[in-house]
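Open the model in your viewer and keep the selection panel at hand. The tour has two stops.

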Amino acid sequence: MAGRLIVISNRIPLEGPGSGGLVVALHEALTDRGGIWIGAQETDADTASEKFTRHEAPGYEKLTFELTAKDQEEYYLGFSNSVLWPLCHRRTDLIDFESRYADGYERVNRRLAHMLAEILEPEDRVWVHDYHFFPLACFLRELGVKNRVGYFLHIPFPNGSDLPALPHHETFIDWISSYDLIGLQTQRDVAVCLEFFRGHPKAELLLDGSAKYGSRTTQVRSFPIGIDVDVMLQAADARRADATLRLGDGERLIIGVDRLDYSKGLVNRLKAMESWLQHREPDEPRATLLQIAPPSREKVLAYREIRDEMELLTGKINGEYSEIDWTPVRYIHKPVERELLAALYRRADVGLVTSLADGMNLVAKEYVASQDPEDPGVLVLSNFAGAAEQMPDALIVNPYDVDEVGEAISQALRMPLDERKARYRELMRGVQEQDIRWWTRAYLDALARCPVNLATETEGSCD
Ligand code: ADP
């Protein structure tokens, strides 16, 4: 297809191709097709430049736009992570709003829209990633940009009933309808998004599932993100885990891996472990929960609070249930290198994912991809993780019911080999079929096919 692919994401790897599923997938998509990757870079200057900085990258271009300390505080930590993140993860109670955050979010998105409009050529396709850039297309349309602009939201689509928690929430429909294609993680997200359009007096749903608002039509579809399966398989060498990890004779391993984020249901997970310990039959083997939870967004109050809560609860459970030769919860508050992570997944008898709200949860897929096909572990997966839609062969649980999760842990630890293998085969088939390359291709094909909107202007205004 003619025209360049232009990808926008807040994070951009500047040294080499980078690591992590999304970053690698975008790198590959751009290497195959050529194009430009645009992301943010911090600056010490008081004023951000109005021009992109060019970085060397083989096969495509990398451009960065600057974020000052004020931008970081207002656009990134403020509006993106203290307002939009809790909003989309159904935690409006945790929204910490200041009007300067909304100003900073608009300022950065507007600045980026101007810089982008300067370099766009008529045939270019733009692919915008995530909640940092909800209004970007709207600002581009205001500048007369007619290019195809697609969006992918990696986190849950916000409930329409929660949106009034946003300042100027009436403009949200103008923001999202300025995109030609809205990609979401799950069918459930698509339903929430379409319901939002349906509930708006000036919008209508068309028979093909797209949404019409004013003179613009927006396609809304789900593209569940996948992982790089081969990378996990190659890295998953259980011997490496054995060399690092000391477990007692016959002791089983349960693993949890998450950024320390309130959306991940970590407190509920510890309580579920407590419930399992409380109800454990005398003949049941010992098991240890290895919870790896690296620090995340510690400048935001809600993240500091969850850290305190985790430390308190870990101490309480271990105080009550530890034996001289057994500590049931090992809580590690730091990042772990990816190869060791894959080895630990493979070594673990149970992968425990208890998110209270999650766009996808790649850890669930990474856990499955790392298993030994001859002796696979069991995935216990929250119904509220996007991955649950594609992974019905996991033990699906309600993370709010800690006794139910405790029982699922027990069921997983007792599960016969035949059943573990059967569940693993089904799960692995899905993880392999819809991997990260499938995801990039599926989205970009849909963007290339979606009808072009002749109109640039939106019905209302962008701010
Ligand atoms: P989110 O994007 O909300 O953090 P996901 O589960 O979708 O949640 O993705 C998390 C990614 O971060 C996974 O690829 C996972 O392997 C990685 N990750 C999580 N915790 C750690 C850790 N302690 N060390 C290294 N990587 C981690």
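This is a predicted model: local features need pLDDT of at least 70, side-chain atom pairs count only at pLDDT 80 or more; totals for chains, interfaces and linings use all residues.

Residues are numbered from 1 along each chain as its sequence is written, and side-chain values use heavy atoms, with hydrogens and water left out.

**Stop one: the ligand**

The shell holds 15 residues, the closest being Arg259, Lys264, Val336, Leu362 and Glu366. Now show N and O atom pairs within 3.5 Å, the polar contacts. Glu366 puts a polar side-chain atom 2.5 Å from a ligand oxygen atom. At Val336, a polar backbone atom is 2.9 Å from a ligand nitrogen atom. At Val363, a backbone N or O atom lies 3.3 Å from a ligand oxygen atom. The ligand alone exposes 570 Å², and the protein buries 78% of that (Shrake-Rupley method, 1.4 Å probe).

**Stop two: H9 and H10**

Select residues 266-279, helix H9, and residues 301-321, helix H10 (DSSP runs of H or I, at least four residues). Their axes come within 10 Å and cross at roughly 10 degrees (lines fitted to C-alpha atoms over the stretch in contact, with angles from 0 to 180 degrees between N-to-C directions). H9 is therefore roughly parallel to H10, the term for angles under 35 degrees.

Technical notes: A residue is near a molecule or strand if one of its heavy atoms lies within 4 Å of it. A polar contact is a pair of N or O atoms within 3.5 Å; within protein, one must be able to donate a hydrogen and the other to accept it, and residues adjacent in sequence count only if both atoms are side-chain atoms. Helices (H or I, at least four residues) and strands (E, at least two) are DSSP runs, numbered from the N terminus. Angles under 35 degrees count as roughly parallel, over 145 as roughly antiparallel, 65 to 115 as roughly perpendicular and the rest as oblique.
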